Amino acid sequence: MNEEWKIKQIETRPPLKEYPDPILRRTALPVTDVCKSVRALLRGMARIMYNREGIGLAAPQIGVMRRLIIADIGEGLLSLINPEILDRRGEAFLLEGCLSLPNVGVKVTRNESIVVRGIDTAGREVTRDLSGLMARVIQHEIDHLNGALILDYGPAEHLRDRAILTHELEYDQKTKL
Ligand SMILES: [Zn+2]
């Protein structure tokens, strides 16, 4: 299946993969060339993420086994190709959701701050020092590239609907990574 075909498919029918789809457990491959198809794929991912009111998305979640992630916590879109965590500091504990696990929340301990390196959509290497929610989202999305899910971190809590997330847990409306 070539990339162009995938992009067409994404545009016509957003193929968001949900647990227990086995594709979510596979390891994504590095991107070797930041070409037009990769940029189109990232744009398609952003469309899906915003449509679902998510704050992050990784390519395997739409069935593309390439190391591409995006995140936007309301401070602008960050797209990273072949992201790598270079440094980690501190620990933080938070209930996370996932677009691939509707109505499921897991309390996940992650590093409070990270230094991440990747390639941007222009093909340039970028290094970002992130903390708080943005650091969390990036760690969550990189997990997706390695076949890891929030279920691997602890017991799943059933969240009946978004109201539970927004009200009882005092989350804002954007909690799905
Ligand atoms: Zn997720």
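## Close-up views of a predicted model

**View 1. Helix α3 is mostly covered, since 13 of its 14 residues are buried.** This view, like the others here, comes from a predicted model. From its first C-alpha to its last, α3 reaches 21 Å, which is close to the 20 Å expected at 1.5 Å a residue. An α-helix has 3.6 residues a turn, so residues three or four places apart point the same way. After α3 comes G147, and the phi of G147 is positive, near 75°.

View 2. Of the 177 residues of the protein chain, 36% count as buried. Among the contacts with a separation of 6 or more, 69% are between residues 24 or more positions apart.

**View 3. Five strands form an open sheet in the order β1-β2-β3-β6-β7, with antiparallel pairing.** The edge strands of this sheet are β1 and β7 (125–131), each of which pairs on one side only. On average, and with direction ignored, neighbouring strands of the sheet are turned by 35° against each other. Within the sheet, β3 and β6 run antiparallel and are joined by six bridges, and I85 stands opposite V116 in β6.

**View 4. The largest nonpolar core of the model has 35 residues.** The residues with the most contacts inside this core are M45, A59, L68, I69, I70, A71 and I138. Two or more core residues come from each of α2 (36–51), β1 (56–58), β2 (68–71), β3 (78–89), β5, β6 (113–119) and α3. Helix α3 gives the most to the core, with seven residues. A closer look at A71 shows that, when residues up to four places away in sequence are not counted, A71 touches I55, G56, L78, M134, V137, I138 and E141.

**View 5. Three strands form an open sheet in the order β4-β5-β8, again with antiparallel pairing.** The edge strands are β4 (92–98) and β8 (156–158), and each of them pairs on one side only. Neighbouring strands of this sheet are turned by 30° against each other on average, with direction ignored. A hairpin joins β4 to β5 through two residues, and these two strands pair in the antiparallel sense over six bridges. In this pairing, E96 stands opposite V106 in β5. Strand β5 (residues 101–110) also pairs with β8 in the antiparallel sense, over three bridges, and the bridge partner of V104 in β8 is H158.

**View 6. Residue D152 is placed in the loop between α3 (132–145) and β8.** Is D152 buried or exposed? D152 is exposed, because 10 other C-beta atoms lie within 10 Å, and a residue counts as exposed if that number is 12 or fewer. Although D152 and V108 are 44 residues apart along the chain, their C-alpha atoms are separated by 9.1 Å.

Key. Residues numbered from 1 in each chain as written. Predicted model: local features only at pLDDT ≥ 70, side-chain atom pairs only at ≥ 80, totals over all residues. Pairing = 2+ DSSP bridges. Helix = DSSP H or I, 4+ residues; strand = E, 2+ residues; numbered from the N terminus. Axes fitted to C-alpha atoms, helices over the stretch in contact; angles between N-to-C directions. Buried ≥ 20, exposed ≤ 12 C-beta atoms within 10 Å, placed from the backbone. Contact = placed C-beta atoms within 7 Å. Core = buried A, V, L, I, M, F, W, Y, C linked by C-beta atoms within 7 Å. Expected span 1.5 Å × (residues − 1).
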